[in-house]
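These are my notebook entries on one chain. I list what I looked up, entry by entry.

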Amino acid sequence: MKEGSGEDQNVAPSVYSHVSRPGSHRYKSAKKGLPFNVMLVGESGLGRTTFVNTLCERVVIPPSPCGDSEQAHIAEPMQFKHYTVDMEEDGMKIVLNIIDTPGFGDGIDNENCFTRIQEHIEMQFDHVLAEENRIKRNTKFMDSRIHALLYFIAPTGHSLREIDVELMRRLGSRINIIPVIGRADSLTPRELVLFKQRVMNDIVAFGIPIFNFPDPEEDEDEESVEENAELRAMVPFAVVGCEEVINEEGRPVRVRSYPWGVVQVDNDEHSDFDRLRYVLLNSHIADLRDRTQNGLYELYRTEKLSGTNVVSSGTANVLPEDSAAAPAVQPPMVPQSHPVAA
Ligand SMILES: Nc1nc2c(ncn2[C@@H]2O[C@H](COP(=O)(O)OP(=O)(O)OP(=O)(O)O)[C@@H](O)[C@H]2O)c(=O)[nH]1
């Protein structure tokens, strides 16, 4: 399903045309564009829509219309909305497939949302599994496995809520979860530091297997090791999104304006947005894809073929390099399959 596409829209010059960081992706040869599938989950009002539009530098998801106030108490069921955007990052084409989940967490009992998201993620694995088992391969097969889930945490300043813990704990062995604090400018810098610590304490205490920027393989350079350590210290990413662009010394700068000043979305001192954008579209796109294919999918495949389902039994496996600190259950030895070309 292709709900929206940014392909034909007028695009202003990218605010990233000047940005260059060390390290880059490994897929420069992908001519048609490297598919990268990202799911966004979080309650309404945490800035998912604005985040996507900021990330893509265009209106991909139109803002939700103001509903009938008399019907406002009726929670709409969660939906899966798909958007496809052609991006170019550091000379490389990326076909960014976004799966948004408006309506998540709006009810009192969100069990149905958890189950549906899990089923949606596993369904994409099932498609690949079925394709691998075909005698004659479909050359046009589209791999729809989801490479990352951005989970939006409310900027409460307190700690994780039950809904956050439950969702991330259930899905961490199926998808690369990257926790983000939405509307992070609602907190002062000091509050943000403390909130990040509390969130990470909860992640450790509840054994939540998030994507934790694991140390790279031995042959990787020191720079990557340092970069990953820096990123680990940054999780959860504090993001700020905006639609306003001002001109500063001839350069477009994206800001949220307040009577007391501006928050610059792409300024590392104001928000982690730019680091997260770079992680997703550049430095870690390969890692997220590789781990989905060779770690998470292989684990699912093993479970499926051996008839075990550790997620629903509540003792989810996590991959060894995961877990902020979870006392990880070691995964079974994973037989190598014949992955479908991504
Ligand atoms: N302060 C602040 N407000 C934000 C930020 N991002 C979005 N907003 C505002 O928060 C409101 C909700 O933003 P959305 O992006 O629509 O949030 P959503 O999570 O997509 O919510 P739904 O559209 O209801 O599903 C809007 O008024 C945005 O302008 C942010 O980073 N900081």
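Entry 1: Two strands count as paired if DSSP finds at least two bridges between them. E10 is joined to strand E9 (residues 251–258) by four bridges, and the two run antiparallel. Another pair I noted is Tyr258, whose bridge partner in E10 is Gly261. Two residues lie between E9 and E10, which form a hairpin.

I then followed E9 to its other partner. E8 and E9 run antiparallel and are joined by five bridges. Val245 has Arg254 in E9 as its bridge partner. This hairpin also has two residues between the strands, and in it Glu249 takes a positive phi near 50°.

Put together, three strands form an open sheet in the order E8-E9-E10, with antiparallel pairing. Its edge strands are E8 (244–248) and E10 (261–264), each of which pairs on one side only. From one strand to the next the twist averages 55°; for this, axes are lines fitted to C-alpha atoms (for helices over the stretch in contact), and angles run from 0 to 180 degrees between N-to-C directions.

**Entry 2: what kind of model.** I noted that this is a predicted model, where local features need pLDDT of at least 70 and side-chain atom pairs count only at pLDDT 80 or more, while totals for chains, interfaces and linings use all residues. Residues are numbered from 1 along each chain as its sequence is written.

**Entry 3: the chain as a whole.** I found seven helices and 10 strands in the chain. Of its 342 residues, 37% are buried. A residue is buried if 20 or more other C-beta atoms lie within 10 Å of its own, exposed if 12 or fewer, and partly exposed in between, with C-beta atoms placed from the backbone.

**Entry 4: strand E2.** Is E2 largely enclosed or open? Seven of the eight residues of E2 (residues 34–41) are buried, so the strand is largely enclosed by the rest of the structure. E2 pairs in the parallel sense with strand E4 (residues 92–100) over seven bridges, and Leu40 stands opposite Asp100 in E4. E2 also runs parallel to strand E5 (residues 148–153), joined by four bridges. There Val41 stands opposite Tyr151.

**Entry 5: the core.** I met Tyr151 again in the largest nonpolar core, which has 71 residues; Leu149, Tyr151, Val180 and Val239 have the most contacts inside it. Such a core is a set of buried Ala, Val, Leu, Ile, Met, Phe, Trp, Tyr and Cys residues joined through C-beta atoms within 7 Å.

Entry 6: In helix H6 (residues 273–283), 10 of the 11 residues are buried, so I call it largely enclosed by the rest of the structure. Among the buried ones are Phe273, Leu276 and Ser283. Gln197 sits in helix H4 (residues 189–205). I found Gln197 exposed, with 11 other C-beta atoms within 10 Å.

**Entry 7: the ligand.** Which residues are closest to the ligand? Of the 17 residues that surround the ligand, the closest are Ser44, Gly47, Arg48, Thr49 and Thr50; a residue is near if its C-beta atom, placed from the backbone, lies within 6 Å. Helix H1 (residues 48–56) gives the largest share of this shell, three residues.
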